[in-house]
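This report goes through one chain from its overall make-up to a few individual residues. Please keep the sequence and the structure open while reading.

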Amino acid sequence: MDPPNRTPNGTPTRRSSAMPIVTIQQGPRDTELKRDLVKRVTDAFVDAYKIPAETVQVWIHEVPADSWGAAGKLTADR
């Protein structure tokens, strides 16, 4: 087993070579909204897994409205 580690607030945790990667697929959004989303998602993983924020990666894939659909219609047509 890996040796124990501590988070910045001193909480014991275990080292893991696995780095969480969160993928979000969405339509285009403002940079400020994405900045806030990345912070909140990262904070959730830090809180839930007791890991350093530096180990969390958030990938945002923006899909144009004419390249996806729901309920049988292109999002661009809604």
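## Overall make-up

The model is predicted. The chain contains 1 helix and 6 strands, and from the N terminus on its elements are ordered β-β-β-α-β-β-β.

Of the 78 residues of the chain, 17% count as buried. The accessible surface is about 6,100 Å², and carbon and sulfur atoms hold 54% of that surface. Among contacts in the chain with a separation of 6 or more, 47% are between residues 24 or more positions apart.

## Helix α1

Helix α1 covers residues 31-49, which makes 19 residues. At 1.5 Å a residue the helix should span 27 Å, and this agrees with its end C-alpha atoms, which are 27 Å apart. At the start of α1, a side-chain oxygen of Asp30 comes to within 2.9 Å of the backbone nitrogen of Glu32. After α1 comes Lys50, with a positive phi near 55°.

Which residues of α1 are buried? Lys34, Val41 and Thr42 are. They cover an arc of only 100° around the axis, so they lie on the same side of α1. An α-helix has 3.6 residues a turn, so residues three or four places apart point the same way. The cover over the buried residues of α1 includes β3 (21-26) and β4. On the other side of the helix, Leu33, Arg40 and Asp47 are exposed.

## Glu62 in strand β4

Glu62 belongs to strand β4, which runs over residues 57-62. Is Glu62 buried, exposed or partly exposed? Its relative accessible area is 34%, so Glu62 is partly exposed. Leaving out residues up to four places away in sequence, Glu62 touches Gln26, Gly27, Pro28, Arg29 and Lys34. One of these, Gln26, is 36 residues from Glu62 along the chain, yet the C-alpha atoms of the two are separated by 5.1 Å.

The side chain of Glu62 has polar partners of two kinds. A polar atom of this side chain lies 3.0 Å from the backbone nitrogen of Arg29. The side chain of Glu62 also makes a polar contact of 3.1 Å with the side chain of Lys34.

## Lys34, the partner in the helix

Lys34 is part of helix α1 and is one of its buried residues. Which residues does Lys34 touch, not counting those up to four places away in sequence? They are Gln26, Arg29, Ile60 and Glu62. The side chains of Lys34 and Glu62 are joined by the polar contact of 3.1 Å. Gln26 and Arg29 are touched by Lys34, and both are also among the residues that Glu62 touches.

## Positive phi in two loops

Lys50 lies in the loop between α1 and β4. Its phi is near 55°, a positive value in a residue other than glycine.

Ala71 is placed in the loop between β5 (69-70) and β6 (73-74). Phi of Ala71 is also positive, near 55°, and Ala71 is a residue other than glycine. The relative accessible area of Ala71 is 74%, which means that this residue is exposed.

Notes. Residues are numbered from 1 along each chain as its sequence is written. This is a predicted model: local features need pLDDT of at least 70, side-chain atom pairs count only at pLDDT 80 or more; totals for chains, interfaces and linings use all residues. Side-chain values use heavy atoms; hydrogens and water are left out. Helices (H or I, at least four residues) and strands (E, at least two) are DSSP runs, numbered from the N terminus. Buried means under 20% relative accessible area, exposed over 50%, partly exposed in between (1.4 Å probe, protein chains only). Contact means heavy atoms within 4.5 Å. A polar contact is a pair of N or O atoms within 3.5 Å; within protein, one must be able to donate a hydrogen and the other to accept it, and residues adjacent in sequence count only if both atoms are side-chain atoms. The expected span of a helix is 1.5 Å times one less than its number of residues. The arc is that of the directions from the helix axis to the C-beta atoms. Accessible areas come from the Shrake-Rupley method with a 1.4 Å probe; for residues, only the protein chains shown count as cover.
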